[in-house]
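Here's a quick briefing for anyone opening this structure for the first time. Have a look at the model, then read on.

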Amino acid sequence: MIKYTSIKELCDAATKRGIKISELCLEDQAEEMQLPKEELYAMMEKNFDVMLESVKKGNDPNLLSTSGLTGGEGAKMLQYSDRTGGGLSGSFMTRAIGRAMCVSNCNAAMGRIVATPTAGSCGILPGCLVSMYEDKGFSKRDVVMSIFTAGAFGMVIAQMASISGAEGGCQAECGSASGMAAAALVELMGGSPASCGDALGMSIINQMGLVCDPVAGLVEIPCIKRNVSGVVIALSSADMALAGIDLKIPVDECIAAMKSVGDSMSVNLKETAQGGLADTPTARALRKKVFGE
């Protein structure tokens, strides 16, 4: 059985057998849960179907969050992409970040989502994978299988460090989600298990130290926009890994460094809404608007 205590363990095991990390994870989970592999695959496919539904639900310009602070950002981004032919970033990127915002909008409106790995970072993996499925034409089975790789890496991060904003800051939420997405993207593109690990590490180092400072304590501002940056970092990290660019610092050391940074972070910057953007004059005014004095 896999212990999920290091990325290197996963990558080495998959490389030794000449299989993908997703295949290794599916086999391991089937053995641990005493269920057929196809049954577990079907469960994961349902998760991907929820991601597709969340993008669709969130792509409603009239959908507002429960607080009324946000809504329609994803729809605006997708409309902008269609109107401009992709804007400055190109249609694939703008549509990926639009989809990420749609899922975050769905979450803020109390819609049904898949926490990947958390609700606050819920748009990053769907933004990347739904785009690979709908815009790049990857098969549904390959996309669903790549979620097993993302999940396996997320399990390692959860054991080695944290995926909780309250414990490790937004680096633990959006940073982890971005790394999980980057690894899934590399596998989809035919990259090696080691390259999947490098992509994860590159995503983490590019969000190291990111604080969790939700305005009014709600997963909306700046969370929705941080899902966008998580998608951009995931895609760029995957491309760097696929290009053969060295991570330099081993991925497991990157995760350990993220934990160290999270442990040393002020409690004001870990989901308490007492620091960072949450403590600005405008943020305090928004809090009063939602909750009163």
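Is Y4 buried or exposed? Y4 is buried, with a relative accessible area of 3%, where buried means under 20%, exposed over 50% and partly exposed in between, using a 1.4 Å probe and protein chains only. Keep in mind that this is a predicted model, where local features need pLDDT of at least 70 and side-chain atom pairs count only at pLDDT 80 or more, while totals for chains, interfaces and linings use all residues. Residues are numbered from 1 along each chain as its sequence is written, and side-chain values use heavy atoms, with hydrogens and water left out.

- Y4 sits in the segment before α1; helices here are DSSP runs (H or I, at least four residues), numbered from the N terminus.
- The phi of Y4 is positive, near 55 degrees, and Y4 is not a glycine.
- M110 is another non-glycine residue with a positive phi, about 65 degrees.
- You'll find M110 in the loop between α5 and α6, and M110 is exposed, with a relative accessible area of 64%.
- That loop between α5 (91-108) and α6 (124-134) also holds P117, which is joined to T116 by a cis peptide bond with omega of about 0 degrees.
- A cis peptide bond also links I221 and P222, with omega of about 5 degrees; P222 is in the loop between α10 and α11 (223-242).

**Helix α2**
- Helix α2 covers residues 21-33, and its 13 residues should span 18 Å at 1.5 Å a residue (the expected span is 1.5 Å times one less than the number of residues).
- The end C-alpha atoms of α2 are 18 Å apart, which agrees.
- Its buried residues are I21, S22, L24, C25, L26, D28, Q29 and A30.
- The cover over those buried residues includes α1 (7-17), α3 (37-58), α7 (140-160), α9 and α10 (193-205).

**The nonpolar core**
- The largest nonpolar core has 77 residues, and L129, F153 and I255 have the most contacts inside it (such a core is a set of buried Ala, Val, Leu, Ile, Met, Phe, Trp, Tyr and Cys residues joined through side-chain atoms within 4.5 Å).
- Helix α9 gives the most to this core, with 11 residues.
- Setting aside neighbours within four places in sequence, L129 is in contact (heavy atoms within 4.5 Å) with F48, V143, S146, I147, A184, L185 and L188.

**The cavity**
- There's one cavity of 30 Å³ or more; a cavity is a set of points on a 1 Å grid over the protein atoms alone where a 1.4 Å probe fits but cannot get out, and its lining residues have an atom within 4 Å of a point.
- The largest cavity holds about 70 Å³ of space, a volume being the space filled by probe spheres set on the points, which are joined across faces, edges and corners.
- Its lining is made up of A161, S162, E167, G168, Q171, A172, M258, K259, G262 and D263.
- Helices α8 (165-168), α9 (170-188) and α12 (251-264) each give two or more residues to that lining, and α12 has the largest share, four residues.

**One more stop on α12**
- E253 is in helix α12 and is partly exposed, with a relative accessible area of 47%.
- E253 and G201 are 52 residues apart in sequence, yet 8.7 Å apart in space, C-alpha to C-alpha.

Key:
1 Å grid on protein atoms, 1.4 Å probe; cavity = no way out; pocket = protein on both sides within 12 Å on 5 of 7 lines; lining within 4 Å.
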